[in-house]
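Here are some notes on the structure shown below. Please read them with the model open.

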Amino acid sequence: MNVVAKQHVTLRRMTLADNAAIASVIRQVSAEYGLTADKGYTVADPNLDSLYQLYSQPGHAYWVIEQDGCVVGGGGVAPLSCSEPDICELQKMYFLPSARGQGLAKKLALIALDHARAQGFTRCYLETTAFLKEAIGLYEHLGFTHISEQLGCTGHVDCEVRMLKTL
C-alpha cells in the first residue's frame, strides 16, 4: 500500500519574518538556472535580504507560499520604476522544485494582478529570461504578450524576455 502524505499549502502576504526565507528561495532557484549576480538578475538586487521593507511601500505587495510551514516560493507586484504611473511590474516570482507544477504560481500571479488592478494600475510589465520556459508559458497563458522594448529601469539587463499585459 502506498501512502501519500498531503502537504499543507498556504499562500499569504509576506511578513518581516519571511525576509531570509524568500531571499534563500530566490538564491537557490537562481543558482539552479545559472542566473548569476554579475548578469544583473534578481539575485543581484541590493534589497534582496529586505524584501518585506520594499514591499511594504504603497503600491507594492508580495506573497509567499508555504508548504508545511516552510517558505517555498513567492512573487510580488510593484510600480514600474522610471515609467508611466499606470504600469506595475510583476516581480520576483521564484518557486522551489517542490512548489512547481501545482498551479501555485498561477494562483499567486492572479492574486497579484487583482491587487494591481485594485491599486489603479492598468498595465503590468515583466521581465524574465528564456531559460525559464515554464514561467514564460504561464505568463503567456495569463495573457501577457511579448514586447521588444524594455520598459522602466529595472536594472535586469540580461532579462531578454519582456512582456506586457493590459489589466
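1. The side chain of Gln67 reaches the backbone oxygen of Ser98, at 3.1 Å. Bear in mind that this is a predicted model. Gln67 belongs to strand S2, which covers residues 61–67.

2. Is Gln67 buried or exposed? Its relative accessibility is 5%, so Gln67 counts as buried. Setting aside neighbours within four places in sequence, Gln67 is in contact with Gln7, His8, Val9, Val72, Ser98, Ala99, Gln102 and Leu104.

3. Next, the cysteines. The count of disulfides is one. The bond joins Cys82 to Cys153, with an S to S distance of 1.8 Å. The link of Cys82 and Cys153 is right-handed, with 60° about the S-S bond.

4. What does this pair tie together? Cys82 sits in the loop between strand S3 (70–79) and strand S4 (87–95), and Cys153 in the loop between strand S6 (145–147) and strand S7 (161–166), so the pair ties together parts 71 residues apart in sequence.

5. The two partners can also be described by accessibility. Cys82 is exposed, with a relative accessible area of 64%, while Cys153 is partly exposed at 39% relative accessibility.

6. Cys159 is in no disulfide. Cys159 is buried, with a relative accessible area of 7%. Cys70, at 47% relative accessibility, is partly exposed.

Note on methods: Residues numbered from 1 in each chain as written. Predicted model: local features only at pLDDT ≥ 70, side-chain atom pairs only at ≥ 80, totals over all residues. Heavy atoms only, no water. Disulfide = S-S within 2.5 Å. Helix = DSSP H or I, 4+ residues; strand = E, 2+ residues; numbered from the N terminus. Buried < 20%, exposed > 50% of the residue type's maximum accessible area, 1.4 Å probe, protein only. Polar contact = N/O pair within 3.5 Å; in protein donor to acceptor, adjacent residues only side chain to side chain. Contact = heavy atoms within 4.5 Å.
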